[in-house]
Amino acid sequence: VLPSPEGPVPSVSITEIRQYLRAQGIPFHDGYSCLHTPSLFTDGREDQPPPPAASAPYTLFIDKTTGSFLCTATLAEGTWQDFQANVELRHRGVPPPSSEEPEEDTRRAREDACCIWDRALPLWELLDEDETNKTKAMFGISLVTDATLKRFGVRYLRTAKSLVFPWFSPRDATLKGLKLVRVEKKGDAIAYMEETLPRFDSYRNLFGLPLIGRRDTELVLTGWELDALALHQATGVASLALPRGATCLPPALLPYLEQFKRITLWLGEDLRSWEAAKLFARKLSLKRCSLVRPGDLQPRPLEALNQGLNLTKILRAALPASHKSIVSFRQLREEVFGELVNTEQVAGVKWARFPELNKLLKGHRRGELTVFTGPTGSGKTTFISEYALDLCMQGVCTLWGSFEINNVRLAKIMLTQFAAQRLEDQLELYDEWADRFEDLPLYFMTFHGQQNIKTVIDTMQHAVYMYDITHVVVDNLQFMMGHEHLSVDR
């Protein structure tokens, strides 16, 4: 049921990639997070000589960290091993494989998306002005103009009371998927509920991408579609929204961000967005990134628009992501003040179900190690899966390494805890709960029993890069190390 990082990925270093490309006579540019080369997939007919390198647009991007590639012209993608295989085939004169048919799930998601899209109405063309204004007020976008909504193609689905944001293929502008956003009132506060087609991991829409021009060199990345609308309207700068907000930046999107010389990350108004922005800046290359620090006078873009703040001024005040090696207190002054103002958030993500634990640990903070000990059968695994699930439901990307019990059993425990009921007695509810469970940012390592530590660490590092994991659970250390080390103090 759950996406798992597939077996250990053979790691490749940037030096090896460069050596291989030089040996094969493939020209390349060094980009920010990718190497750019001419595409192997765009020649079409094999009887024509490939175009001279100088004239070919460099549409193939190779990720410097993982070696995965993406051709933005044909959307062909794959691992470093796939890339090498394609180069070999090409030497033998075999034409590159045409992009295969999409999988059944993807195809179904596209069809569903098209149905919804056809039923949804452009937001500026509802029955009357009154309905349009009420709808805009409900989502807090009264100040977003019809021209902006039209430019980004936002629609409204009456039956679900949801805004509909399209995902168009960057290659041929066909509809690949959608995101639906609806408002739920919880007491005085309002919460935004999101649903995507296709689901979760396959939804990789950089909302606003079709509006980016070839010559744009500056970009603002936001964590939410409505923020991108507000930003573009208020400042006119190119702005995109990440598919899953501050939760993660999938490496598959990096090629589309290579053309920008300057990227400003303005993800949200809390400390987690700030942490995420620092993490994403490392993926995007620190030297071209600036960050908007959350604060009272720098809320998220939509809020800033509604409060009548000057968004251009806020963007100008963004901090460079790369800190110099030596700083004075003056440069840290704002950060220190931010930590004092937000003491609660600095303490970490609180557990919703364990108030006593919050008193002990304050919350889940990155870069900390917590060890739980107890005799066999005392409930460590049961408790830890509940503890991790609590954070995961709040958007903390979690990686499980269960070396003692297998993933199917672990997933069964977690699903039961998630549904808070015995599903074996109500099997007709299984799909509904499984669908909701599948949307959690939760991944499992496929190891079992004793493992080589280096392999495990490599897999963890790969998962951190791919899925922006911020919480790793190892259950348990003894099994991972194997029993023969017990006499040795490790």
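Visitor: What is the strand order of the open sheet of 3 strands, and which kind of pairing does it have?
Guide: The order is β17-β16-β18, and the pairing is parallel; strands here are DSSP runs of E of at least two residues, helices are runs of H or I of at least four, and both are numbered from the N terminus. This is a predicted model, in which local features need pLDDT of at least 70 and side-chain atom pairs count only at pLDDT 80 or more, while totals for chains, interfaces and linings use all residues. Residues are numbered from 1 along each chain as its sequence is written, and side-chain values use heavy atoms, with hydrogens and water left out.

Visitor: Why do β17 and β18 count as edge strands?
Guide: β17 (442-444) and β18 (471-475) each have a single partner strand, so one side of each has no neighbour in the sheet.

Visitor: How many bridges join β16 to β18?
Guide: There are 5 bridges between β16 (residues 398-402) and β18, which run parallel, and two strands are taken to pair if DSSP finds at least two bridges between them. In that pairing, Gly-401 stands opposite Val-474 of β18.

Visitor: Which strands of this sheet does α13 touch?
Guide: Helix α13 packs on the sheet and touches β16, β17 and β18 (contact means heavy atoms within 4.5 Å), and its direction makes about 170° with that of β18. Helix α14 lies across β16 and β17, running at about 155° to β17; such angles run from 0 to 180 degrees between N-to-C directions, the axes being lines fitted to C-alpha atoms, for helices over the stretch in contact.

Visitor: At what angle do the axes of α13 and α14 cross, and what word describes that?
Guide: The axes of α13 (residues 380-392) and α14 (residues 407-419) come within 10 Å and cross at roughly 60°. Angles under 35 degrees count as roughly parallel, over 145 as roughly antiparallel, 65 to 115 as roughly perpendicular and the rest as oblique, and α13 is therefore oblique to α14. The contact involves Thr-381, Thr-382, Ser-385, Glu-386 and Leu-389 of α13, together with Leu-410, Ile-413, Met-414, Gln-417 and Phe-418 of α14.

Visitor: What makes the relation of α14 to α15 roughly perpendicular?
Guide: The angle between α14 and α15 (residues 430-438) is about 100°, with their axes 10 Å apart, and that value makes the two helices roughly perpendicular. Ala-411, Met-414, Leu-415, Phe-418 and Ala-419 of α14 meet Tyr-430, Trp-433, Ala-434, Arg-436 and Phe-437 of α15.

Visitor: How do you know that α1 and α2 are roughly parallel?
Guide: Helix α1 (residues 14-23) and helix α2 (residues 80-91) pack at an angle of about 5°, with their axes 12 Å apart, and they are therefore roughly parallel to each other. Ile-17, Tyr-20 and Leu-21 of α1 are in contact with Trp-80, Phe-83, Gln-84, Val-87 and Glu-88 of α2.

Visitor: What is the order of the open sheet of 5 strands, and why are β6 and β10 at its edges?
Guide: The order is β6-β7-β8-β9-β10, with antiparallel pairing. β6 (121-122) and β10 (189-197) each have a single partner strand, so one side of each is left without a neighbour in the sheet. Helix α3 (residues 104-119) packs on this sheet, touching β6, β7, β8, β9 (175-186) and β10, and its direction makes about 60° with that of β9.
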